[in-house]
Amino acid sequence: MSEGIGARVLRKEDKRFITGSGKYTDDVRETNQCYAAFVRSPHAHAKIKGINKSPAEGMPGVEAVLDGKQLTGDGIGNIICGWMIHSKDGSPMKMGAWSALATETARYVGDAVAVVIADSLARARAAAEAVEVDYEILDAVITTEQALADGAPQLHPEAPGNLIYDWEIGDKEPTEKAIADAAYVCEMEITNNRVAPNPMEPRSAVATYSPSEDHYTLYTTSQNPHVARLVLSAFYQVAPEHKLRVIAPDVGGGFGAKIYIYPEEIVCLWASMKTRCSVKWTADRSEAFLTDAHGRDHVSKARMGFDKDNRIVGFQVDTIANLGAYMSLFSSSVPTYLYATLLSGQYDIANIHCNVRTAYTNTTPVDAYRGAGRPEACYLIERMMETAARDLGIDPAELRRKNFIREFPHQTPVIMAYDSGDFEANLEAAMKAADYAGFEKRRSESASQGKLRGIGMSCYIEACGIAPSAAVGSLGAGVGLWESAEVRVNPVGTIEILTGSHSHGQGHETTFPQLVSDRFGLPSDNVQIVHGDTDKVQFGMGTYGSRSGAVGMSAIVKALDKVEAKAKKIAAHMLEASEGDIVIEDGEVKVAGTDKKLGWHEVCLGAYTAHNLPEGMEPGLKEGAFYDPSNFTFPAGCYICEVEVDPETGTTRIVQFVASDDFGTIINPMIVEGQVHGGIAQGVGQALLEQAVYDESGQLLTGSYMDYAMPRADDLPSYMVSHETTICPGNPLGIKGCGEAGAIGSPPAVINAITNAIGNNALSMPATSAKVWQAINAANVKEAAE
Amino acid sequence: MASVSIKVNGKDVSGEVEDRTLLVEFIRENLRLTGTHVGCDTSQCGACVVHMDGKAIKSCSILAAQANGSEITTIEGLANGSELHPMQTAFKENHGLQCGFCTPGMIMAATDMVRRYKESGRELDETAIREELEGNICRCTGYHNIVKSIQDAASKM
């Protein structure tokens with residue numbers, strides 16, 4: 001069976017996970033292992049007047065009780081946001097100081113103010129309880145509306161009025177004029193609910209300082225260990241890079257939450273140096289809810305103008321985004337360049353303008369969560385398209401068709417240049433799979449059972465393959481977003497691929513070797529993937545933004561090109577043939593048109609014995625490459641959701657969910673489908689169930705799985721997933737990326753289906769039974785009045 | 001302190017533990033069997049499911065001392081030597097896992113689920129599987145392939 005590109009190769013990594021032999025960070029135990037327990041602010045906003053550590057210091061097993069003044073006194077730097085955004089007046093974003101342990105002020109419930117290091121977790125926790133912190137409670141702001149109001153309590157002296165930036169994209173005046181002249185204007189105020197990412201493995205860190213080597217090792221739950229090392233070194237001054245090894249072993253899901261460098265890893269490293277112990281910290285689920293960067297949390301007012309032929313003439317959006325108490329690593333980019341640049345959706349829109357203000361609030365920091373900005377854009381556009389179609393009295397599919405971009409490349413008015421796609425093909429495929437035409441019959445059948453049936457669609461586009469380094473640099477990114485790879489061929493012909501991508505569920509150990517099988521005809525078992533360790537892999541930017549295929553694998557392809565070229569040179573020399581006649585297939589190196597050939601392993605051995613190499617050639621067969629993408633990639637597709645709502649209770653059941661995606665080239669369809677399933681589940685979770693809820697004092701009410709509604713198996717349907725492919729012209733494999741699509745495309749499809757069922761467009765996420773019931777009855781009341 | 005003697009994966013083990021020690025802590029920290037995971041603190045997520053005297057339990061919700069004298073099977077003890085349990089094979093063949101963190105608990109809960117339905121002669125259809133998975137949370141797979149895995153294994157167990 002082929003194990004090349006397009007084959008459904010079963011996952012190599014599964015063996016260890018199904019037998020319980022995966023190695024996650026919390027499974028690591030170092031000698032001289034101690035445990036960290038954090039003292040966290042119970043208040044959303046409070047002045048720290050004093051910390052009395054002495055009751056804890058004398059408790060059994062306690063090695064140290066450390067606070068923020070000691071941390072900053074030791075020169076540990078503040079946590080930074082790595083993407084500079086300038087306001088429209090040209091001023092830089094207002095970044096408030098964030099110390100890994102708060103010194104003067106605690107700014108959200110869960111903000112760490114001290115840490116206890118003890119010889120057991122139970123003892124560390126008991127001692128953390130005994131630390132006495134004298135707080136002066138300050139007024140808190142929870143919503144962006146409160147934060148930006150006149151006279152609001154101020155979080156950071158650096159950010160007057162709690163405003164971080166006031167940014168815009170697109171041309172305001174032409175957009176306003178186009179909308180003013182429009183035949184019809186769809187106007188909506190749309191909230192994108194705050195969610196908690198919830199990878200099932202809580203964040204964890206094990207830090208070890210070796211005094212004799214003056215060297216640190218950090219095991220951590222990271223999607224990008226090299227970036228973690230760079231930031232820990234360059235900005236937080238924990239240790240120079242060559243004195244710090246960061247290992248991200250098996251990581252139990254990320255979804256964005258494990259991109260950032262959090263206070264806990266910094267503190268564990270520092271505390272390890274202070275105490276000369278290995279220091280382990282693993283979040284409990286409550287800590288995860290309090291401290292893992294949340295996602296979304298936008299409020300937008302939007303107007304979409306249509307001409308008399310139902311073509312969109314202008315789209316204007318005013319968004320306020322909540323960034324929480326501090327600016328996390330990529331937080332500034334999410335509601336700007338990852339959001340507003342996608343506001344053209346799949347449609348040909350000449351005029352777009354978007355204004356974005358971001359605010360500090362006394363809540364958990366907000367950063368990228370699966371999709372990051374693109375779900376917010378898609379939700380806005382696709383709810384408005386559906387609402388507009390209903391207002392205009394035309395089929396929602398027809399309105400979309402009328403406005404689809406059909407020629408590529410297509411330059412939108414908001415930076416992005418779409419390179420390829422066939423939106424009609426995805427729409428057609430999804431409608432066919434969903435039996436769109438047969439919906440009215442199904443609606444009648446449901447009605448006869450007393451149920452309200454609805455159908456809703458969403459045509460999403462996203463920008464992945466993050467990202468061309470020079471382009472993102474010009475937009476404010478503090479790093480380049482290329483990827484690296486090294487292909488090490490052993491003398492016996494087996495291969496190690498070292499990659500800067502990181503797998504935390506994506507199956508890289510299976511997919512990446514398929515590139516080698518495809519090219520050389522070697523069994524994928526002969527290929528080992530090495531990742532997640534800064535001592536082994538030289539550098540890498542990690543995995544997020546659906547970039548491991550389009551960017552990470554492109555780097556591998558570049559390195560394989562070099563390996564192939566050298567192997568052919570060696571073989572030509574050994575076989576006394578012309579280099580141009582050498583072909584490598586089925587694990588053999590052949591001279592085309594003859595029976596002369598060598599085994600792949602013979603050529604590899606030849607490279608290392610170096611007895612008979614072309615003159616001047618260096619021995620060995622090992623090549624590296626850095627790949628910097630030339631453009632973003634643009635996965636797109638159409639999702640159709642069908643629901644049945646019980647009007648008595650407001651309970652929604654998804655009876656069918658269809659996805660038709662264009663991901664470009666697919667290396668392993670089994671893994672790609674799995675990514676779509678998981679993405680849809682997260683999107684459905686956001687649409688129906690999930691919300692991080694704060695009370696007016698800033699207490700997180702949804703701080704456990706008792707309160708935060710994670711999607712369970714019986715909340716979800718089976719999904720119908722298929723692909724309509726156009727090849728991405730921007731990278732050597734033609735890949736667009738598949739990791740986030742499900743979470744981007746599904747929320748509007750779900751809400752459009754429910755609003756279609758109940759006949760009321762005024763519905764916000766999460767569409768809980770109570771909200772749906774209220775919306776049904778509001779519609780009934782309106783109908784009765786009319 | 002409590003004395004605990006348990007048969008774990010067919011092997012007699014014993015130890016002195018603090019009274020408050022949870023079974024999952026005993027398994028992970030004392031026995032260093034780290035395949036059993038902890039994903040929450042409120043017994044919702046099911047990453048810690050093991051079998052106690054043949055029945056699935058959440059090892060975060062029972063004290064090690066309460067397990068004294070029992071027989072425990074963890075994910076490490078499910079395979080018969082090098083021969084995987086049909087549920088393990090089914091999860092691999094149906095791509096029923098991604099990050100792998102919830103997987104041990106899923107597999108242990110699923111084997112118990114199939115056993116219970118077979119013993120009582122009830123049909124384990126998709127609806128039943130989804131309802132039965134109420135106590136196991138997965139964030140990666142959207143459950144689609146987990147349900148398929150369990151259906152597949154059920155036909156082979």
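Leaving aside its neighbours within four places in sequence, which residues is A:Glu265 in contact with? They are A:Ala205, A:Leu218 and A:Thr220. The structure is a predicted model, and the values that follow are computed from it.

A:Glu265 belongs to helix H8 of chain A, which covers residues 263–275. Is this residue buried or exposed? A residue is classed as buried once 20 or more other C-beta atoms lie within 10 Å of its own. A:Glu265 has 28 C-beta neighbours inside 10 Å, so it counts as buried. Between A:Glu265 and A:Lys301 there are 36 residues of separation along the chain, and their C-alpha atoms are 39 Å apart.

Chain A as a whole contains 20 helices and 28 strands. Its radius of gyration is 27 Å, close to the 28 Å given by the globule rule for 786 residues, so chain A is as compact as a globular protein of that length. The C-alpha atoms of the chain fill a box of roughly 95 × 75 × 50 Å along the principal axes. Of the 786 residues in chain A, 59% are buried. Among the contacts in chain A between residues at least 6 apart in sequence, 80% join residues at least 24 apart.

The contact between the chains takes 41 residues from chain B and 41 residues from chain A. On the side of chain B that touches chain A, the helices in the table each supply at least two residues.

| Helix of chain B | Residues |
|---|---|
| H2 | 86–93 |
| H3 | 103–120 |
| H4 | 126–132 |
| H5 | 144–154 |

The largest share of that side, four residues, comes from H2(B). By class, the side of chain B that touches chain A has 18 nonpolar, 15 polar and eight charged residues.

The axes of H2(B) and H3(B) come within 10 Å and cross at roughly 125 degrees. That angle makes H2(B) oblique to H3(B). The crossing of the two helices is right-handed. From H2(B), the residues B:Met87, B:Gln88 and B:Phe91 meet B:Thr103, B:Ile107, B:Ala110 and B:Thr111 of H3(B). Which classes do the residues of this contact of H2(B) with H3(B) divide into? Four are nonpolar and three are polar, with no charged residue.

Terms used:
Residues numbered from 1 in each chain as written. Chains lettered and ligands numbered in written order. Predicted model: local features only at pLDDT ≥ 70, side-chain atom pairs only at ≥ 80, totals over all residues. Rg over C-alpha atoms; globule rule 2.2 N^0.38 Å. Buried ≥ 20, exposed ≤ 12 C-beta atoms within 10 Å, placed from the backbone. Contact = placed C-beta atoms within 7 Å. Nonpolar A, V, L, I, M, F, W, Y, C, P; charged D, E, K, R; others polar. Axes fitted to C-alpha atoms, helices over the stretch in contact; angles between N-to-C directions. Parallel < 35°, antiparallel > 145°, perpendicular 65-115°, else oblique. Left-handed = near helix turned anticlockwise from the far one by under 90°.
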